[in-house]
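Hi,

Here is the structure I promised to pass on.

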Amino acid sequence: MVNSKDKSDMENNAEKRFAPADYKSEQSVRWCPGCGDHAILNVLHKAMAEIGVAPKDTAVVSGIGCSSRLPYYMNTYGMHTIHGRAAAIATGLKTARPDLTVWQISGDGDGLAIGGNHFIHAVRRNIDINILLFNNKIYGLTKGQYSPTSDRGAVTKSSPYGTTEDPFIPAELVFGARGNFFARSIDIALDTTKEVMVAAARHKGASVVEIRQNCVIFNQGSHAAISDKERRAEHTIHLRQGEKMLFGENMEKGLVQDGFGLKAVTVGQDGYTIDDVLVHDATTPTNFLHQQLAMMDGDTLPLAIGVIRDVEALSYEEEVEHQVESVRSKKGYKNLRDMILSTSETWTVE
Amino acid sequence: MLSGTNVKTLDRVVVRFSGDSGDGMQLAGNIFSNVSAGEGSQISTFPDYPAEIRAPQGSLSGVSGFQVNVGKGVHTPGDEADVLVAMNPAALKTNLKFLKPGGIIICDVDTFRPADLKKAQYATDDPVTELGINPDRIMLVPMTTLLKHTLEDSGMDPKSILKCKNMLALGLICWLFDSPVESVLRKLQKKFAKKPAVYEANAKVIQAGWDYGHNTHSSMPTYRIETESVKPGVYTDVNGNTATAWGLIMASEKSGRPLFLGSYPITPATDILHELAKRKDLGVKACQMEDEIAGVCSAIGASYAGDLAVTSTSGPGLALKSEGIGLAVMAELPLVVIDVQRGGPSTGLPTKTEQTDLMQALYGRNGESPLCVLAAASPTDCFTMAFEAARIAIEHMTPVILLTDAFIANGSSAWRVPEEEDFPEIKPHYVDANRVEQGWKPFDRDENLVRYWAIPGTEGAMHRVGGLEKDIKTSAISTDGKNHEKMVNIRREKIARIADDIPELQVNGAVDSDTILVGWGGTYGHLFTATEELNATGNPVAFAQFRYINPLPKNALEVLSGYKNIIVAELNTGQFADYLQMHLPGKEILRINKVEGQPFMVREIVDGVLKHIKK
């Protein structure tokens, strides 16, 4: 959603024109060769240039983990903080300074395990930050333990016989926390990643972007089943606002309503026509269908990428600001002393 | 009014109001202390309330108390009460121990019903005899009956009528203190300006209380309180938590940085959040976060964004915030952490007072993580020290922990509303454009080792901070051991140099004596009064109260070294004594300790000092 404020910002910035390099710091990037983070970082530089907010007005906040090193590679304001707390820190930063564009970088461990509480509350509060959730379903920096998004049975160093617990589906948490923006991409899908980053930045309120990311060292092929070249067309669907939900090598497949659920069909077979295929609407307030789409796992139904939900709602920091303005103008105290003299019982000693 | 033959003049008088939580004892106490303050008395108040929100009516556990001390030279709410108001038999039973020998009791005799007596666990139907109270010192007033008669034509329902009982007690107190009811009525009129009917009813009840005392109890001695002259100005009655909130607002005005509070409800610190939440009318952003950790972390984010950032909590919350505070130490960001200490460990005694978080504040973080620790001495000193905490945080780019406690946070005193020029400007340590142009690095420092504050939006000063160690020259991440040690020492030295920017330790009392009584934080009033008493009874003692704990005032160790006996009195098992002992290895630090969840009594300190010096 593009609201009027963003529109005017974009117009102001249109003249300035920033290049991706303007957002890039001089620090050498230390991720493992082949890590999905490299691609995401490069796309982020490009997305920021497209969004056009100046580096001096951009702040990138991260927690702890491989992906959380990202702020050091940005030529913006930035904080590399403590494990799990990026959402809380970003909330304070944005509330204090609504004029800044604030990004949060978290991995699945940082954002959904130790930082799970801050994550759901940032989403519920609808603070206008852009949360990039790098999901590689593993703890990389501590060298390979299972994370809250690891599949049941995942064999890792801390689960040598396989995990005995179910994972979080990040989208489900976002909907549970009454989120208004959810998008997904895969590290290798560069254009889609840029598209969803830009959409997230333009959305007013908490935006969550899940980026499925490969860990070459500890979880090689974490999303191979859906992202390998020969499999991608059949196992993913790129959702676009106002367009039919089609996928497949020749866009011959579509999603249709099936009772309370969704079903993949081939257009022209079993009596299904193009008219039966659903049209994507990310902006509809009811999140029932968004949830259904976000929960597709790439196995029986294709994994949805692109902007799945994008609904306008009141954002926290703006409401705080409005309340401050309205209370201030109503009461009109000049300063602390004026307030005390106006509201407290006082007496004068001559 | 009494003929005056029986009027005693006293320097100060302590009144303790007690009853059920819903009896409005705090309101009656507040009005009484404010009226006295308006007539020139010093005041000190202290509420003593149960942890339960609404314990069963009439039960022993449901009794709450509110003690006020008014008069001349008032520094504490008083050890014991001259007058005890007890609204029911449970209050009488639990509060009798706070009454001075020979003190007066005012009690609602209408509540001496079998059911009430049973709830309060009396064995007989005569509480006065059972508790061994001298019948000449107790006024058994049929308050409920009087109340019903007074308001029978008011058209009020019985429940609303009963709510006025506290005002009947207040009327009796006015009579007892030889004080006309007019000034009380003026306060009430203000309070109920929008509810004239409520005012009328309360006014009638106060007068009825006064008349009852006057007509029936002329044999009881009444009191006249001495007043004293204080600095001219506008005064108000303020408790420590409100004063803390206001001190922070003052610092925001004096520094030009907007005030941000990230907090989470916790007894007894929540009133700071309440007050700052109201102060949106002064531009304050007070955010109730999802937990204690988010409280401190949102403040750290706001600090990086350029605000005067604060988080408020009590002991258990401080424990949760430790890692966040460590980040502020490492990133060298200004941050004010308020810890309103309560009884611990763990959930402990949430509504009671203690000074047991000192070591946690000084050392409760991983790694070498020095920061500045301050402590407020009284309810009104909370204002000054909150301002100081903000000033030091902003001018020295460091987290500062301010320790207050449940006693001074809830207690109140009369306070002169500061004038514009009473507090200095606070100068944020901004990076200037010149420095940015010359290749500024985020951990470049001035001669006091303080780094510069580059607020987002500043052109050319984009930079990253974080919890990882930084290179001393380039400010980039560094894992080099030698570099780390240098940075550890710099952070330590930066805090040590704050000593050049704080007042020296003041010594009062018999400065030349060979004994010094030492305290810190909220015990000031009790220690001060104990010092006065000791000196007045031929036991010369000097006295010093610490408000700056880390770093210590520059002259502190030298001053203390000059005394033969150093006696540290504190509400813990000896944390500050241990801290001083570490700095003064050659000296034996003597101790007076109490960990009962209650403030000191003056006599406990007097006795403790005498015991030490007579050895």
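Residues are numbered from 1 along each chain as its sequence is written, and chains are lettered from A and ligands numbered from 1 in the order in which they are written.

On confidence: chain A has an average pLDDT of 94, with 95% of the residues scoring at least 70 (pLDDT is the predictor's confidence in each residue, from 0 to 100). The stretch to watch is residues 1–5 of chain A, where pLDDT stays under 50 and the model has eight contacts beyond four places in sequence. Two residues are in contact if their C-beta atoms, placed from the backbone, lie within 7 Å. Where pLDDT is low, the predicted coordinates should not be read in detail.

Now chain B. It holds 22 helices and 23 strands; these are DSSP runs numbered from the N terminus, with helices being H or I of at least four residues and strands E of at least two. The radius of gyration of chain B is 27 Å, close to the 25 Å from the globule rule for 615 residues, so chain B is as compact as a globular protein of that length. That radius is taken over C-alpha atoms, and the rule is 2.2 Å times the number of residues to the power 0.38. Along the principal axes, the C-alpha atoms of chain B fill a box of roughly 85 × 60 × 45 Å.

Chain B is split into domain 1 (7–225), domain 2 (236–422), domain 3 (433–500) and domain 4 (508–613), with bounds from an automatic or database domain assignment. Over C-alpha atoms, the centres of domain 1 and domain 3 of chain B are 59 Å apart. Among chain B contacts between residues at least 6 apart in sequence, 76% join residues at least 24 apart.

As for the interface, 50 residues of chain A are in contact with 57 residues of chain B. On the chain A side, α3(A) gives the most, with eight residues. By class, that side has 24 nonpolar, 17 polar and nine charged residues (Ala, Val, Leu, Ile, Met, Phe, Trp, Tyr, Cys and Pro count as nonpolar, Asp, Glu, Lys and Arg as charged, and the others, Gly among them, as polar).

Finally, the backbone. Most residues other than glycine have a negative phi, and most peptide bonds are trans. A cis peptide bond joins B:G344 and B:P345, with omega about 0 degrees; B:P345 is in the loop between β13 (335–341) and α14 (358–363) of chain B. Another cis peptide bond joins B:N550 and B:P551, with omega about -5 degrees.

A:R178 has a positive phi near 65 degrees and is partly exposed, with 14 other C-beta atoms within 10 Å. B:L449 has a positive phi of about 70 degrees and is partly exposed as well, with 18 such atoms within 10 Å. The cut-offs are 20 or more for buried, 12 or fewer for exposed and partly exposed in between, counting other C-beta atoms within 10 Å, placed from the backbone.

Cheers

Technical notes: This is a predicted model: local features need pLDDT of at least 70, side-chain atom pairs count only at pLDDT 80 or more; totals for chains, interfaces and linings use all residues.
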